[in-house]
Amino acid sequence: MSKREYFKDTEDATLLYYEEFKDKETILQQATPEPEKEIFKIVGQYTPRIDGEKIVTGQAPYTHDISLKGMLFGKILRSPHACAEVVFVDLSEAESLPGVKAALPLKKGRVNYAGEPVAAIAATDEKIAEEALRLIKVDYKPLPFAVTVEKAMEEGAPQVLEDRPNVPPKPFNDYSRGDIEKGFKEADFIIERTYKTAVEIHHTAETHGSVARWEGDRLTVWDSTQAIFSVRDGLARWLRVPASRVKVIKKYMGGGFGSKLGINDYTVIAAMLAREARKPVKLILSREENSICVGNRPSSLQTIKGGVKKDGTLTALYLKNYTSGGVGGGDRCAEPIIDVYKCPNMKVEEYTVYTNTGASRPTRAPGHVQGTFALEGFMEELAAEINVDPLELRKKNYSTKNLGDTGIPYSSKGLDKCYQMGAEKIGWHRRNKKPGQGNGKVRRGLGMASQIWWGTGRPGTLADIKIHPDGSVEAICGTQDLGTGTRTYMAVITAETLGLKPEDITVKIGSTEYPWCGSSGGSTTTPSVAPAIREAALKAVEWLKQLAASEMKIAPDAVIIDKGNFINKDNPEQAISFQDALRRQRREMVFHGECGGRSSDYAYNTFGVHFAEVEVDTETGQIKVLKVVTAHDSGRIMNRLTAESQVIGGVTQGISTALFEERVVDETTGNVVNRNLRDYKIATSMDIPEIIPLFVDIIEPRMNIMGTKGLGEPPRIPISGAIANAVFNAIGVPIREIPMTPDKVLEALKRKEG
Amino acid sequence: MEKAKKKRKTVTRRDFLKGFGGGALGAAVAPSILAQEKAALQTKEGKIPLLASKKITLTVNGKKFSLMVEPRDTLLHVLREKLNLTGTKRTCDRGECGGCTVLLDGNPIYSCMYLALRADGKSITTIEGLATNGKLHPVQQAFIEKDAYQCGFCTPGFIMSSAAFLNKNNNPNLEEIKQALSGNLCRCGNYFKIYEAVSAASKSMRRP
């Protein structure tokens, strides 16, 4: 397989993310689904996960845990050079090591980052495979490289990709509206600020990996993936086998955060090794590999110039961004600035900077995390400049239509309610009226940031409800549970509709043999799966009521269903059980549901706000987050217990981004230096404040029959900006770069004194 | 941290190469049935016989196992690959994240940093053995009720650390809980709910 082509594949995957997950006008229908008005009894309550016992007893099967008879272990040899010509690869010595069953050369020609696959081995055990890697002889001709953005942008810098300059002159995102010059002329104040965000690594708990088994021309793959169908179709394409003969399974996965979307090279390699060796192959990447070659969140260098009137009205916003995703494309960081606040005049230019480092992948809220950090920091500085309450500035520029109030109306936008709930809960009045007004060594401050994301569902998502003659019920969908609780809300919705308990429902997900569902990314899973399951369950309940009505010899519309019984609403004493209604049934019944379309007259977005309280030690530069209050509008909440976890997780990861996370690449060797969880810092149990998740509980009126929107990305977006703004409020000087490590805080304080 | 500060017997390079066949664990020179020798390694100090593998005995979740292990095998490797106890996870594989935490004679250790040979004769509890007679441990029960997990991959490690901690301190405050769990990483970031779960479990463990 051609690595070059593979790059294109992953790079496209990042760009395709936007196509796939944002509102897609082409597939929208004019029909407006009416959300359920009824008050649900289980939906929206606190339901513990139906598979909780499996998880807490270690019985949940992850891809790492798959063990097959005769299984071999695969390993990949990766380039130690950031740029080199692979002259030849000699596998002969490795192949002759006892226990080695397959060896594949993967690369000829140029490697463009340290970590690019060069060859692969399958052996009877992992240690033999590792030993064999050391016996592979590769003749590299090292070439000059550029691993930092600064170096890549220098004149005469080594060219990272052979077919294009390091900074393509045409911006990949070029947007404008209104008249930017006129907007600046109308402004009473104009400021310009530059914000910087570091490259982040996903570092999922379960490292990436796949197990591949051939039976004749049929391929089964267990993969740690967010997208079983994309993996199936990718394997079919890469291996040139019919998709109908490929099956992909993912029961449990230890985190993805975007890095496990789409087909991966190691999955294809595992299948190739398995075909070669005629034995199943398990190929699990190491933590080190996870640091260099399975994606990252691109860096950004964003300059915002904005104009504002004395009363706080925004007149113009101009964003210029240089983003770097290594050999992959960078992130679009402009969506928040384009959309969230009312602003008639806008200009955006975003450029990619290629470097000789691993390709970026979508990372939970790609672009929005970086873009929101810059935009919300800028809003905070604007507010300080014109001396208004930062929250009032946001309210002053509140929009009800997308594209900064110049586009189509939002179908629902509860951001105003979020502001009110959140401000009240954190005690917004306690903030320093003037940033940095406090005294003493340790200063406190409050900050906030708004959030926008898409979070619509994917029309065409399929789900089945199967009812067995004995009364047992299955809810089936080819989706994946990333740890968000998909299984549980499928059971919740089914139980709610059929008058049963969630634990009565057998949920089946995570196989390409089940009805089609798209990848779990972009906060699309719940608004895709929930309406599809509900539709199937509604059909099932219609049929069940008819069955019960004929048993009870009453009209079907006289039947109500409650706690596993069918009741005659005109005579509540007449009731039969679920099983009794089905007693004449001799075959299982399957009901199909589908996530429908929605009207293209509206924009569908999720909104939210985070408020943070911090403490800054002005002597050590250390930031401590004390309290975080979040308020989200994600439509109707399916399960409050897991929704809260989702928000708490997003906040925790955002604290990590704000304070700790940064991939460091050595300019001399071209290699990532912090390839483990000690040197690459992430938030630990010692860094977590009190987190209070609130929901505004607005039922989205026209997106889907459940009135629900996504919640995966939203809580990840505003937190880093809210913390930075709280730090500004505490010490009176903004820090325009994340992670806000102590050295940057001290530097900023020095700047203030100077 | 408890697990990091466990008494450690000094291991010399020589002992290591010998696969602890000699003095380190106080075992007699292994007879050939119990150990397979590889070619000897010539060093300045003379020839050191290398062990290819050695027989050890472990009690895991109350069951006794005798098995051959290589000197380089970690306890984690033996649990997952030889005993098929896959609830214990390999996450960082270098003692940084606690995903592989098991109890060794009741104390939490990182099984990825513990050579299997060293565990000879010891008693080990893994996540699969924490429930007794089909009844979940209070920590397991609390993790379900409080939703103290997301992807669930780090959960077994957190539960083992928490259970060991509550055995020593069944009435901890928040700061003590944070400290006790600081050797475990949760990438989904559900620490806040984990504190709630450990606190709830401590309450139910205090109840008679």
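Chain B is divided into domain 1 (13-129) and domain 2 (138-206), where the domain bounds come from an automatic or database domain assignment. The structure is a predicted model, in which local features need pLDDT of at least 70, side-chain atom pairs count only at pLDDT 80 or more, and totals for chains, interfaces and linings use all residues. Residues are numbered from 1 along each chain as its sequence is written, while chains are lettered from A and ligands numbered from 1 in the order in which they are written.

- Chain B has 6 helices and 8 strands, where helices (H or I, at least four residues) and strands (E, at least two) are DSSP runs, numbered from the N terminus.
- Read from the N terminus on, the elements of chain B follow the order α-β-β-β-β-β-α-β-β-β-α-α-α-α.
- Of the 208 residues of chain B, 49% count as buried; a residue is buried if 20 or more other C-beta atoms lie within 10 Å of its own, exposed if 12 or fewer, and partly exposed in between, with C-beta atoms placed from the backbone.
- Among contacts in chain B between residues at least 6 apart in sequence, 57% join residues at least 24 apart; two residues are in contact if their C-beta atoms, placed from the backbone, lie within 7 Å.
- Where the two domains of chain B meet, 15 residues of domain 1 are in contact with 11 residues of domain 2.
- On the domain 1 side of this contact in chain B, the elements that give two or more residues are β6 (101-104) and β7 (107-110) of chain B, and β6(B) provides the largest share, 3 residues.
- By class, that side of domain 1 of chain B has 6 nonpolar, 8 polar and 1 charged residues; Ala, Val, Leu, Ile, Met, Phe, Trp, Tyr, Cys and Pro count as nonpolar, Asp, Glu, Lys and Arg as charged, and the others, Gly among them, as polar.

**The contact between the chains**

- The contact takes 42 residues from chain B and 44 residues from chain A.
- On the side of chain B that touches chain A, the elements that give two or more residues are α3 (138-146), α4 (155-168) and α6 (191-206) of chain B, and α3(B) gives the most, with 4 residues.
- The residues on that side of chain B divide into 18 nonpolar, 13 polar and 11 charged.

**Domains of chain A**

- Chain A is divided into domain 1 (3-22 + 64-78 + 84-143 + 207-253 + 260-292), domain 2 (299-456 + 601-753) and domain 3 (457-594).
- The C-alpha centres of domain 1 and domain 3 of chain A lie 39 Å apart, and the contact between these domains takes 16 residues from domain 1 and 14 residues from domain 3.
- The elements that give two or more residues to the domain 1 side of this contact are α1 (3-21), α7 (228-239) and β11 (246-249) of chain A, and α7(A) gives the most, with 4 residues.
- The residues on that side of domain 1 of chain A divide into 9 nonpolar, 2 polar and 5 charged.

**Strands of chain A**

- Strand β10 (residues 218-223) of chain A and β11(A) pair in the parallel sense over 4 bridges, where two strands pair if DSSP finds at least two bridges between them; in β11(A), the bridge partner of W222(A) is I249(A).
- The chain crosses from β10(A) through α7(A) to β11(A) in a right-handed β-α-β crossover, a term that applies if, with the strands pointing away from the viewer, the path from the first strand over the helix to the second runs clockwise.
- β11(A) has a covered face, V246(A) and V248(A), and an uncovered one, K247(A) and I249(A).
- Strand β2 (residues 84-90) of chain A pairs in the antiparallel sense with strand β4 (residues 109-111) of chain A over 3 bridges, and β2(A) also pairs in the antiparallel sense with strand β6 (residues 137-142) of chain A over 6 bridges.
- An open sheet of 6 strands in chain A has the order β7-β15-β14-β13-β8-β27, with mixed pairing, and its edge strands, β7 (173-177) and β27 (737-738) of chain A, each pair on one side only.

**Confidence in chain A**

- The mean pLDDT of chain A is 95, and 95% of its residues reach 70 or more; pLDDT is the predictor's confidence in each residue, from 0 to 100.
- Over residues 1-13 of chain A the pLDDT is below 50, and beyond near neighbours in sequence this stretch has 19 contacts in the model.
- Where pLDDT is low, the predicted coordinates should not be read in detail.
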